[in-house]
Amino acid sequence: MRFGGCCWFVLMILVVVGGCRVPSASPPDPAPVLSQSVQRFPSSCLSPCLVPIQQPDHALCVVITQGYGIGTHTPPEVFGAIDLAVGSPMDGTSDPSATWNVAVRAAHDGMVIRVAYQPSLAGNHVRVANERFLTAYSHLATVTVQEGQWVRVGDVIGTVGSTGASTGPHLDYQVWVWSDQMHDWVNQDPLIFHPTQTFCPSRSAGSEPAS
Ligand SMILES: [Zn+2]
């Protein structure tokens with residue numbers, strides 16, 4: 001009798017815990033526990049605070065080649081992203097030769113929760129998450145992290161490529177925010193977290209065909 005009561009108690013805990021934090025829509029990965037990231041990175045950047053193909057010394061001219069909610073980034077609640085490339089500081093247009101194999105860096109502290117390959121969609125892609133933010137990096141040429149690995153903002157997680165459904169070298173960058181109200185990840189425009197002033201002016205922002 002005591003054993004049976006114990007099992008019910010454990011089952012109830014599993015139901016309560018399991019039922020309250022598992023997102024139902026894409027991306028399907030549950031958020032890791034914040035306390036772990038806080039302990040590991042006491043002076044952390046938990047929200048997206050680095051444009052992921054920018055260098056730590058902000059040396060690159062980074063341009064947006066396809067904007068949020070445009071073209072292949074629709075519907076935004078599913079495919080919301082911005083495409084990033086290295087641009088020419090002279091005219092602000094993307095420079096494919098300078099974009100290939102540029103380091104892709106974690107936009108914030110968190111845990112690598114997904115490393116996978118989707119041949120018809122994201123190609124080689126990585127997801128990094130903490131309790132509040134999940135960022136996704138697609139079409140990578142190479143991936144240099146593993147699932148379960150903790151990264152700090154600026155750590156290299158791969159290199160820019162054109163794998164999956166892509167017409168040229170660029171980084172498809174998504175930001176998702178955990179909603180306690182919806183119990184799910186909600187896609188957000190990355191420019192909410194990365195002001196446009198941090199990008200190199202581009203004559204063609206939002207209109208280039210790379211997706
Ligand atoms: Zn894209």
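Asn101 counts as partly exposed because it has 14 C-beta neighbours inside 10 Å. On this scale, with C-beta atoms placed from the backbone, a residue is buried if 20 or more other C-beta atoms lie within 10 Å of its own, exposed if 12 or fewer, and partly exposed in between. Residue numbers start from 1 along each chain, following the sequence as written. You are looking at a predicted model: local features need pLDDT of at least 70, side-chain atom pairs count only at pLDDT 80 or more, and totals for chains, interfaces and linings use all residues.

Let us stay with Asn101 for a moment. Asn101 sits in the loop between α4 (96–99) and β3 (103–105). Helices (H or I, at least four residues) and strands (E, at least two) are DSSP runs, numbered from the N terminus. The phi of Asn101 is near 65°, a positive value in a residue other than glycine. Most residues other than glycine have a negative phi, and most peptide bonds are trans. His183, in the loop between β9 and β10 (184–188), also has a positive phi, near 55°. His183 has 13 other C-beta atoms within 10 Å, so this residue is partly exposed. Another backbone feature is the cis peptide bond that joins Thr74 and Pro75, with omega about -10°; Pro75 belongs to the loop between β1 and α3 (76–79).

Now step back to the whole chain. The protein has four helices and 10 strands, and from the N terminus on they run α-α-β-α-β-α-β-β-β-β-β-β-β-β. Of its 211 residues, 39% count as buried. Two residues are in contact if their C-beta atoms, placed from the backbone, lie within 7 Å. Among contacts with a separation of 6 or more, 66% link residues 24 or more positions apart.

What does the inside look like? A nonpolar core is a set of buried Ala, Val, Leu, Ile, Met, Phe, Trp, Tyr and Cys residues joined through C-beta atoms within 7 Å. The largest one here has 41 residues, and those with the most contacts inside it are Ile53, Val62, Leu84, Val128, Tyr137 and Ile157. Strands that each supply at least two residues of this core include β1 (62–66), β4 (110–118) and β8 (156–160). β6 gives the most, with six residues. Beyond four places in sequence, the contacts of Ile157 include Val104, Val126, Val128, Tyr137 and Val143.

Follow β5 next. Seven of its seven residues are buried, so β5 is largely enclosed by the rest of the structure. Two strands pair if DSSP finds at least two bridges between them. β4 and β5 pair in the antiparallel sense over seven bridges, forming a hairpin with four residues between them; here Val112 stands opposite Val128 in β5. β5 and β6 are antiparallel as well, over five bridges, and a hairpin joins them through three residues. Arg127 has Ala136 in β6 as its bridge partner.

Finally, a word on confidence. pLDDT is the predictor's confidence in each residue, from 0 to 100. The protein averages 81, and 74% of the residues score at least 70. Confidence is highest in β6, at a mean of 98, and lowest in helix α1 (residues 2–20), at 39. Over residues 33–42 the pLDDT is below 50. Where pLDDT is low, the predicted coordinates should not be read in detail.
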